[in-house]
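Please prepare a short briefing on the ligand site and a strand-helix-strand segment, with the cut-offs stated alongside.

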Amino acid sequence: MSAPVMLVTGGSRGIGAATARLAAECGYHVVVNYMSDAAAAEFVVGDIIADGGKAYAVRADISDENAILAMYDELDGRLGRLDVLVNNAGIVDEVARLEDMSAERLHRMFDVNVIGSMLCAREAVSRMSVNHGGRGGAIVNVSSASARIGSPAQYIDYAAAKGAIDTFTMALAKEVVADRIRVNAVRPGIIDTDIHASGGDPDRVARVGASLPMGRAGTADEVARAILWLASDAASYTTGAVVDVSGGRAI
Ligand code: NAP
């Protein structure tokens, strides 16, 4: 029988890369999506294959519906099954107050972080649903502690987008429960990845980490372990849950 298939959006770096690597260790055939850094994606795939796992990389900007459809077409042709979608790809922009946020920035924040995840989930549901001839499956969305904190004077656009992901998780979980698809999310706190540098604040992990309840930032591996649990049969009675992976950071 073929290996179960996990699609990880933004699987080339950070939390997505850690998830892709752990998924391969757990026996998944991993589809590593990325947007621009092909070398990073091929590096993850190369490591997985060198360790005896199965993976391939696919470029698709998840804010582009046609690119998502092409990614799924390729997956259908190459693997012919999908068991888990991890909606991980996400972006922040530079620290700013609302007065200084352009409409273009706001659209991009929601196109990537919300609509991209919803479109990827739409395609996953249509393939996994037992009511469409699929075998069921799991979707794990990657939210953020900012959904609850709000990140005022930093990036409330990002926080609002992640708040939408929390609501989407709860709503879709109910909508597809009879399709035998479980939908859950993780809500990471401050995790040591490149995303902070992308937001123009490369020292954020070191600066904020010590003030967190656990006295440190989290690692991508620590988030990946929660994602893999939610994806697995060990979480068979868990749906609509949003699991904080934030070292106790709540507000
Ligand atoms: P990261 O290190 O910046 O990696 C982002 C990944 O997403 C890369 O693989 C990137 O690919 C991909 N990506 C970005 N835009 C994309 C697009 N339009 N289409 C497809 N792929 C795209 O980020 P991270 O810190 O691992 O964050 C992963 C997720 O965790 C995000 O949803 C983020 O909001 C969430 N999160 C992170 C933290 C944290 O502290 N790190 C905290 C809370 C939540 P390319 O390199 O090819 O562009």
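This is a predicted model: local features need pLDDT of at least 70, side-chain atom pairs count only at pLDDT 80 or more; totals for chains, interfaces and linings use all residues.

Residues are numbered from 1 along each chain as its sequence is written, and side-chain values use heavy atoms, with hydrogens and water left out.

**Ligand**
- The ligand is surrounded by 31 residues, among which Ser12, Ser36, Asn88, Tyr158 and Thr193 are the closest (near: a heavy atom within 4 Å).
- Oxygen atoms of the ligand lie 2.7 Å from a side-chain N or O atom of serine 12, 2.8 Å from a backbone N or O atom of aspartate 37, and 2.9 Å from a side-chain N or O atom of lysine 162.
- Of the 910 Å² that the ligand exposes when taken alone, the protein buries 97% (Shrake-Rupley method, 1.4 Å probe).

**β-α-β unit**
- Strand 2 (residues 29–34) and strand 3 (residues 54–59) run parallel and are joined by 6 bridges, where DSSP must find at least two bridges for strands to pair and a strand is a DSSP run (E) of at least two residues.
- Within this pairing, valine 30 stands opposite alanine 55 of strand 3.
- Together with helix 2 (residues 38–50), strands 2 and 3 form a right-handed β-α-β unit, helices being DSSP runs (H or I) of at least four residues; right-handed means that, with the strands pointing away from the viewer, the path from the first strand over the helix to the second runs clockwise.

Terms used
A polar contact is a pair of N or O atoms within 3.5 Å; within protein, one must be able to donate a hydrogen and the other to accept it, and residues adjacent in sequence count only if both atoms are side-chain atoms.
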